[in-house]
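Biologist: I have not worked with this model before. Please take a close look at one part of it, and say how that part sits in the whole.

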Amino acid sequence: MIDPLPNRQQTTAVFGSFVLDGRAEVPTVIRDHWVILEGDKVAAISPSRPKAADVVLDKPGRFILPGLMNLHNHCFSEAIARSHAEDGNGVTADQSVVYTVLLPLSKSGLDILSSQERLAVARMGIVQLLLGGATSVMEPFRNGIPEMFDAALELGIRFWGAPYLFSASDPHAENGKVVYNTQSSDRSDNAADLAAWNTLYETWQGRDNSRIGLAMSPHATDTCDPDLFRAATERARELGVPITTHLAQSASEVEKIKSRWNGRTPAEYLDWLGVLGPDLLAAHCVFCTDEDLALLRARDVTVMSCPRVFTRIAKIAAFGRFEAAGLRTMVGTDGYNMDLLGELNAAAIISKTASGNPKIATAPVLLQSVTSAGGNAVGRSDLGRLVPGAKADITVVDMTHPHLLPYMDPMRALITLANRAQIDSVIVDGRLLVSGGKICVGDQSRIMAEGCAAIEKIWDLPEARAALSKT
Ligand SMILES: [Zn+2]
């Protein structure tokens with residue numbers, strides 16, 4: 001259904017009225033330059049129009065950014081909850097929607113969808129990510145949807161697939177409590193999950209010019225036991241792949257870890273197991289104490305802050321809190337709304353109002369959080385920076401859109417006025433994937449229709465109807 005990606009052996013020249021130039025120590029906005037891509041690399045940033053190029057994007061008013069990195073997202077599980085858990089709907093007895101809807105229904109959904117249907121959901125998510133301006137994604141997902149890799153391969157995004165490992169694969173809410181079923185027949189086997197991860201690693205790691213890779217992904221502190229965390233961490237460090245997990249994302253998780261592990265907080269639990277380190281991307285951390293944040297900082301952990309999804313439970317997930325603690329912090333979308341520029345705007349608003357300080361979560365810091373901070377988080381100096389020799393991943397924003405005009409400062413305009421509606425072009429590994437705000441690989445409307453049909457099939461399940469009818 002989807003045509004093969006275009007050949008990478010070509011030159012692309014993009015004119016920017018504004019270019020976030022990474023050649024200086026601190027990325028700076030320069031005016032009226034060409035960014036020239038050759039094959040999979042940035043070849044030059046030049047004031048002169050190149051003599052020849054296979055693809056030329058020449059329109060005034062564009063802002064050329066290093067490819068935006070969205071390193072915490074869930075295409076599948078969040079699609080199941082879309083628009084359900086808003087306005088307090090479906091959140092009962094203070095239970096996180098993680099346990100009432102996301103984990104239970106993503107599990108049942110995978111049991112009933114065919115491989116083609118799962119691929120349809122995966123394609124829909126990747127399209128949304130690209131249209132949201134992301135060139136890179138780290139995507140934790142349940143093992144039952146390996147089609148995430150196929151969709152990433154065919155649609156061209158840079159992809160760290162992060163298939164989950166679980167010790168308790170079926171945590172769910174029951175009578176106002178989270179039940180883990182660790183003794184039930186569906187208890188996951190640590191070794192089996194790690195073996196499944198290893199098989200996917202053998203199949204996918206390094207595919208298509210190393211555009212596709214894996215991250216180690218023990219699901220969360222309350223769903224993975226010490227043996228699994230230790231084994232997963234050891235394997236990831238042996239292979240040099242990033243590790244990602246959910247950390248302190250709900251009050252019930254914190255309580256569970258304290259009661260199980262001698263009063264430890266989730267961050268202390270991971271430190272006890274040797275998981276904390278510069279290769280760990282820890283998602284959310286909103287229920288971390290200040291002491292926990294100091295511990296994460298001491299271990300040089302990256303925090304993935306996803307502010308919008310927490311408004312569902314009226315919980316402040318302020319980027320600025322992690323910034324103030326000195327942590328390398330990125331903004332991700334958590335699958336909730338894959339509009340990365342919009343998420344940066346939310347991060348700014350929430351951080352400033354929560355702290356009473358308008359000088360934190362500034363436009364340069366937030367832009368850095370989805371560019372160079374991302375490259376640093378995954379140990380890749382060739383990502384998240386516009387410099388000659390870097391990967392040819394760029395995100396181009398149309399700053400002439402009526403939503404934005406007029407503006408004095410393009411970088412601040414980007415954060416305060418823009419969102420995904422102004423994403424003009426997305427190029428990954430030298431390939432043009434979004435042009436004029438539309439996907440140019442695959443049939444966008446067909447991909448969306450097929451993805452929605454698969455999700456609606458899950459919504460029709462009796463257990464889904466029961467869960468989704470709860471208010
Ligand atoms: Zn998540």
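Modeller: Helices are DSSP runs of H or I of at least four residues, strands are runs of E of at least two, and both are numbered from the N terminus. This is a predicted model, in which local features need pLDDT of at least 70, side-chain atom pairs count only at pLDDT 80 or more, and totals for chains, interfaces and linings use all residues. Residue numbers start from 1 along each chain as its sequence is written.

The protein chain has 17 helices and 20 strands. Its C-alpha trace spans about 70 × 50 × 45 Å along the principal axes. Of its 471 residues, 55% are buried (20 or more other C-beta atoms, placed from the backbone, within 10 Å of the residue's own; 12 or fewer is exposed, in between partly exposed).

The part I will follow is helix α2, residues 97–112. With 16 residues at 1.5 Å each, α2 should span 22 Å (1.5 Å times one less than the number of residues). The C-alpha atoms at the ends of α2 lie 21 Å apart, which agrees. The helix α2 has a kink of about 25°, centred on Leu105 (the angle between axes fitted to the seven residues ending there and the seven starting there). Leu105 is also one of the buried residues of α2.

Helix α17, residues 462–469, packs against α2: their axes come within 10 Å and cross at roughly 170° (lines fitted to C-alpha atoms over the stretch in contact; angles run from 0 to 180 degrees between N-to-C directions). This makes the two helices α2 and α17 roughly antiparallel (over 145 degrees). On the α2 side, Thr100, Val101, Pro104, Leu105 and Ser108 make the contact (C-beta atoms, placed from the backbone, within 7 Å). On the α17 side, Glu463, Ala464 and Ala467 take part.

Most residues other than glycine have a negative phi, and most peptide bonds are trans. The bond from Leu405 to Pro406 is cis, with omega near -10°. Pro406 belongs to the loop between β17 (394–398) and α15 (410–416). Asp32, in strand β2 (residues 28–38), has a positive phi near 50°. Asp32 counts as exposed, because it has 11 C-beta neighbours inside 10 Å. Asp300 has a positive phi of about 65° and lies in the loop between α10 (290–298) and β15 (302–305). Asp300 is partly exposed, with 14 other C-beta atoms within 10 Å.

Note on methods: Parallel < 35°, antiparallel > 145°, perpendicular 65-115°, else oblique. Contact = placed C-beta atoms within 7 Å.
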